[in-house]
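Please consult the sequence and the structure shown here alongside the text.

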Amino acid sequence: EERFLKIGIPYRILGGTKFYERAEIKDCIAYLRLIYQEKDDLAFERIVNNPKRSIGNSTLKSIHEFSKKNSLCLENSSKKMIEENFIKPKAKIGLCSFLDLINKWRNDLKIKKSNHIKLLQTILDESGYSLMLKNKKDLENENRLEILKELLRAMQDYDSLQNFLEHVALAT
C-alpha cells in the first residue's frame, strides 16, 4: 500500500482498513503532529486521553470552552487552566503528565535532535501506548503492535519528521 501511494498507483483494499485510516496509526500520527505543531487541536483532542489519563468528556468540554473564550489552542488552554486551578485534581494529574511528556518529546526532537523514528518509539513506550496494547492479550492487539512496527519501518523512507508528516497529509 505504501509503495502504491508513493508511485501514484490507484488501489483498493478489500475486506480491511487502509493503513493510514487505522486507529493506532492515526493515534501515532496525532502524537507526532502535536509534537511538531502545538496548535494542532485535532491531534491534541485525539490523544490527550489515549491511553487513559482520567481526562473525561467534561474536562475536555471545559478546555474547549476556555479555548474559545480566550482564543487559545487546546494545549495552551490546558496549561492556563492548570495554572488557574480550573481542572479537577484527578484530571489535573493526568493532564500535567501528558503535557510534561509532550514537552519532553519536543525537547528530544529540537534540542537533542532525536531522529523521528526513535522519537515515535519513545512516544509509544513513554506514553504507555505500547503497554496498553500489550496488556490486552488478543489477536487484534497483537496485529496492532505489528502495524505499529510497520509504521516505524515506513518512516525510514523519510529523512525528517516534517517530510514524513507531509507524506501522511498527502496520503490521507
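The structure is a predicted model, in which local features need pLDDT of at least 70 and side-chain atom pairs count only at pLDDT 80 or more, while totals for chains, interfaces and linings use all residues. Residues are numbered from 1 along each chain as its sequence is written, and side-chain values use heavy atoms, with hydrogens and water left out. The chain contains ten helices and zero strands; helices (H or I, at least four residues) and strands (E, at least two) are DSSP runs, numbered from the N terminus.

**Overall fold**

- In sequence order, the elements follow the pattern α-α-α-α-α-α-α-α-α-α.
- The radius of gyration is 17 Å, close to the 16 Å that the globule rule gives for 172 residues, so the chain is as compact as a globular protein of that length. This radius is taken over C-alpha atoms, and the globule rule is 2.2 Å times the number of residues to the power 0.38.
- The C-alpha trace spans about 50 × 35 × 30 Å along its principal axes.
- Of the 172 residues, 43% count as buried; buried means under 20% relative accessible area, exposed over 50%, and partly exposed in between (1.4 Å probe, protein chains only).
- Among contacts (heavy atoms within 4.5 Å) between residues at least 6 apart in sequence, 59% join residues at least 24 apart.
- The chain exposes about 10100 Å², of which carbon and sulfur atoms supply 51%. Accessible areas come from the Shrake-Rupley method with a 1.4 Å probe, and for residues only the protein chains shown count as cover.

**Salt bridges**

- Side chains of opposite charge can pair when their charged atoms come close.
- The structure holds 13 salt bridges, each defined as a side-chain nitrogen of Lys or Arg within 4 Å of a carboxyl oxygen of Asp or Glu.
- One of them joins R106 to E38, with the closest N and O atoms 3.9 Å apart. R106 lies in helix 6 (residues 89-110) and E38 in the loop between helix 2 (23-36) and helix 3 (41-47), so this pair ties together parts that are 68 residues apart in sequence.
- R106 is buried at 7% relative accessibility, whereas E38 is partly exposed at 30%.
- E38 and R106 also belong to a network of salt bridges that links E38, E75, K79 and R106.
- Within helix 6, D108 and K104 lie four residues apart, about one turn of the helix, and form a salt bridge whose closest N and O atoms are 2.8 Å apart.
- D108 counts as buried at 8% relative accessibility, while K104 is partly exposed at 31%.
- K104 also forms a salt bridge with E126 (3.2 Å, N to O). K104 lies in helix 6 and E126 in helix 7 (residues 116-126), so the pair ties together parts that are 22 residues apart in sequence.
- E126 is partly exposed, with a relative accessibility of 37%.

**Aromatic pairs**

- A pair of aromatic rings is described by the distance of the centres and the angle of the planes.
- The whole structure contains five aromatic pairs. Rings of Phe, Tyr and Trp (its six-membered ring) pair if their centres lie within 6.5 Å; planes under 30 degrees apart count as stacked, over 60 as edge-to-face and the rest as tilted.
- F19 and Y20 form an edge-to-face pair, at 5.1 Å centre to centre with 85 degrees between the planes. Both F19 and Y20 are buried.
- The ring centres of Y31 and W105 are 5.9 Å apart and their planes lie at 75 degrees, so this pair is edge-to-face. It links distant parts of the chain, with Y31 in helix 2 and W105 in helix 6, 74 residues apart.
- Y31 is buried at 2% relative accessible area, and W105 is buried at 0%.

**A buried loop residue**

- P51 is located in the loop between helix 3 and helix 4 (57-70) and is buried at 9% relative accessibility.
- Leaving aside neighbours within four places in sequence, P51 contacts Y31, S127, G128, Y129 and M132.
- P51 and C73 are 22 residues apart along the chain, and their C-alpha atoms are separated by 21 Å.

**A nonpolar surface patch**

- F4, I7 and I9 make a nonpolar surface patch of about 250 Å². Patches are made of residues with over 30% relative accessible area and no salt bridge, with like charges joined within 9 Å and nonpolar side chains (Val, Leu, Ile, Met, Phe, Trp, Tyr) within 5 Å.
- I7 lies in helix 1 (residues 2-7) and is partly exposed at 44% relative accessibility.
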